[in-house]
There are 2 protein chains.
Amino acid sequence: MGRPSDAKEKLLQVAFDLIWNQSYGAVSVDQICEQARVNKGSFYHFFPSKSDLAIEAYEEHWREKQPELDRIFSPQIPPLEQLERWCRHVCDRQRQKAKKYGHVCGCPYASLGTELATQDERIRLKSQELVDRNIRYIESALLEAKRQGLIAIADPQAGARRVYSTVLGMLLQAKIRNDLGVLDELEPTVMGMIGARELVA
Amino acid sequence: MGRPSDAKEKLLQVAFDLIWNQSYGAVSVDQICEQARVNKGSFYHFFPSKSDLAIEAYEEHWREKQPELDRIFSPQIPPLEQLERWCRHVCDRQRQKAKKYGHVCGCPYASLGTELATQDERIRLKSQELVDRNIRYIESALLEAKRQGLIAIADPQAGARRVYSTVLGMLLQAKIRNDLGVLDELEPTVMGMIGARELVA
DNA sequence: ATTTTATTTGACTATCCAGTCAATTACTTT
DNA sequence: AAAGTAATTGACTGGATAGTCAAATAAAAT
């Protein structure tokens with residue numbers, strides 16, 4: 001089994017953090033290695049390239065965060081409450097990162113995705129995959145809410161995509177404005193969109 | 001007046017196109033110069049830095065596109081029709097660019113903004129400014145629609161921001177999926193959000 | 001204890017990058 | 001025609017970049 005090491009884990013975590021906080025292009029392999037306290041040779045022992053690292057880092061991050069989403073969207077919880085809790089979760093996470101880094105960071109999947117969608121097909125696909133996994137949670141909540149007669153929605157799948165688009169757009173605006181206040185509108189907008197609360201009033 | 005030249009214009013246009021199509025980080029000054037058929041020395045005769053060029057390029061692009069928006073949101077046109085036409089305009093533009101470049105490019109302001117919001121404050125501000133200018137058109141349409149009693153909306157300004165978030169999110173998803181089909185939902189979603197059309201049905 | 005396997009080390013390469021500069025050119029103004 | 005002004009040229013710098021490699025090392029398996 002050779003020599004045990006946590007260098008790979010370190011690199012994955014540091015890479016995710018740095019890329020989310022800055023951008024893929026702005027973060028160098030040297031910088032990642034330095035912050036992870038790993039030599040460059042080790043980096044290329046674990047990863048064939050910078051983009052491979054990015055893909056693995058994002059997948060790993062998902063793996064770590066998935067239990068939290070499973071908890072939020074637990075079938076034990078009423079579907080509309082699931083959505084409310086998710087909105088709050090998204091906001092909390094942004095607040096937390098903003099506090100840590102001094103500015104609003106937005107959605108990590110969307111950031112990597114927009115930056116590289118037109119340049120690196122593998123990263124585009126990974127980014128799409130991660131977005132899709134998020135949408136599936138929303139879809140399941142909408143389906144259950146419909147089944148229980150809590151909301152009237154024709155196409156929960158399309159609805160989930162719409163909702164997620166809006167959330168992505170708000171995160172994007174929060175980042176561009178560097179203003180967490182934008183996210184105060186998140187929950188009411190989401191609940192309004194699915195007809196669970198009055199948008200107009 | 002010295003020696004007349006269209007090099008500056010060329011650089012601005014080429015830079016906007018390349019950055020939109022790829023990303024700020026992926027496009028080099030050399031590449032911009034080459035495609036604009038301008039020497040590097042000339043580049044730095046006109047622009048103090050790459051980021052200054054980007055800011056000017058985006059401002060210039062807005063200047064060129066503004067008349068089109070003024071036409072779409074002309075007070076001569078009923079407000080809800082303004083919004084429909086705007087949605088169609090956004091889709092058309094994406095189709096056009098996708099055809100030209102072979103992939104969906106998304107919103108240029110959002111792309112530059114997300115990539116650099118956390119790194120270059122001046123670019124973040126410019127990006128925010130451009131987004132705000134767009135939102136103002138939507139807001140004016142919503143205000144007029146409300147005044148005419150066409151829709152019931154409490155806060156047209158907040159509504160405009162919500163609508164724009166959704167559009168940004170959809171453009172982002174279209175880019176990440178490299179799929180123009182995502183935008184088929186754009187107009188119905190926007191009209192549904194403002195209560196001008198049934199979302200549920 | 002020895003072999004095997006996996007990780008570590010850090011110097012190295014070749015390329016690319018943003019930005020500089022001094023000399024030259026071409027146009028406008030007087 | 002001369003002077004003034006602005007654009008052009010392209011070679012140059014210094015530093016950063018992704019990625020390489022062969023030798024050293026440490027743990028696990030035998």
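Which residues does Ala15(B) touch, not counting residues up to four places away in sequence? In this predicted model, the partners of Ala15(B) are Ile32(B), Leu53(B), Ala54(B) and Ala57(B). Ala15(B) also belongs to the largest nonpolar core, a set of 117 residues in which Ala15(A), Ala54(A), Ala15(B) and Ala54(B) have the most contacts.

The overall architecture of chain A is considered next. Chain A contains 9 helices and 0 strands, and from the N terminus on its elements follow the order α-α-α-α-α-α-α-α-α. Along the principal axes, the C-alpha atoms of chain A occupy a box of roughly 60 × 40 × 30 Å. Of the 201 residues in chain A, 44% are buried. Where contacts in chain A link residues at least 6 apart in sequence, 63% of them join residues at least 24 apart.

Helix H1 of chain A comprises the 15 residues 7-21. At 1.5 Å a residue this helix should span 21 Å, and its end C-alpha atoms are 21 Å apart, so expectation and model agree. Buried positions in H1(A) are Leu11(A), Leu12(A), Val14(A), Ala15(A), Phe16(A), Asp17(A), Ile19(A) and Trp20(A). These buried residues pack against H2, H3, helix H4 (50-72) and H6 of chain A. Glu60(A) is classed as partly exposed because 17 other C-beta atoms lie within 10 Å, whereas Leu12(A) is buried.

Helix H7 of chain B, residues 121-147, was examined in the same manner. With 27 residues at 1.5 Å a residue, H7(B) should span 39 Å; its end C-alpha atoms are 38 Å apart, which agrees. The buried residues of H7(B) are Ile123(B), Arg124(B), Lys126(B), Ser127(B), Leu130(B), Val131(B), Asn134(B), Ile138(B), Glu139(B), Ala141(B), Leu142(B) and Ala145(B). Their cover includes helix H4 (50-72), helix H5 (79-101), helix H6 (108-116) and helix H8 (156-177) of chain B, together with H8 of chain A. Just after H7(B), Gly149(B) adopts a positive phi of about 75°.

The contact between the two protein chains takes 43 residues from chain A and 43 residues from chain B. On the side of chain A that touches chain B, two or more residues each are given by helix H6 (108-116), helix H7 (121-147), helix H8 (156-177) and helix H9 (186-193) of chain A. H8(A) provides the largest share of this side, with 13 residues. By class, the side of chain A that touches chain B has 17 nonpolar, 20 polar and 6 charged residues. As for symmetry, chain A superposes on chain B through a rotation of 180° with 0.0 Å of shift along the axis, at an RMSD of 0.1 Å. The two copies are therefore related as by a two-fold rotation axis. The same surface serves both copies, since 100% of the contact residues of chain A recur in chain B.

DNA strand D is surrounded by 22 residues, of which Gly41(A), Gly2(B), Arg3(B), Ser5(B) and Gly41(B) are the closest. Two or more residues of this surface come from each of helix H2 (29-36) and helix H3 (40-46) of chain A and helix H3 (40-46) of chain B. H3(B) gives the largest share, 4 residues. The surface near DNA strand D has 6 nonpolar, 10 polar and 6 charged residues.

For DNA strand C, 22 residues form the surroundings, and the closest are Gly2(A), Ser5(A), Gly41(A), Ser28(B) and Gly41(B). The elements that each give two or more residues to the surface near DNA strand C are H3 of chain A, helix H2 (29-36) of chain B and H3 of chain B. Here the largest share, 4 residues, comes from H3(A). By class, the surface near DNA strand C has 6 nonpolar, 10 polar and 6 charged residues.

Methods
Residues numbered from 1 in each chain as written. Chains lettered and ligands numbered in written order. Predicted model: local features only at pLDDT ≥ 70, side-chain atom pairs only at ≥ 80, totals over all residues. Buried ≥ 20, exposed ≤ 12 C-beta atoms within 10 Å, placed from the backbone. Contact = placed C-beta atoms within 7 Å. Near = placed C-beta within 6 Å. Nonpolar A, V, L, I, M, F, W, Y, C, P; charged D, E, K, R; others polar. Expected span 1.5 Å × (residues − 1). Least-squares fit on C-alpha atoms with pLDDT ≥ 70 in both. Core = buried A, V, L, I, M, F, W, Y, C linked by C-beta atoms within 7 Å.
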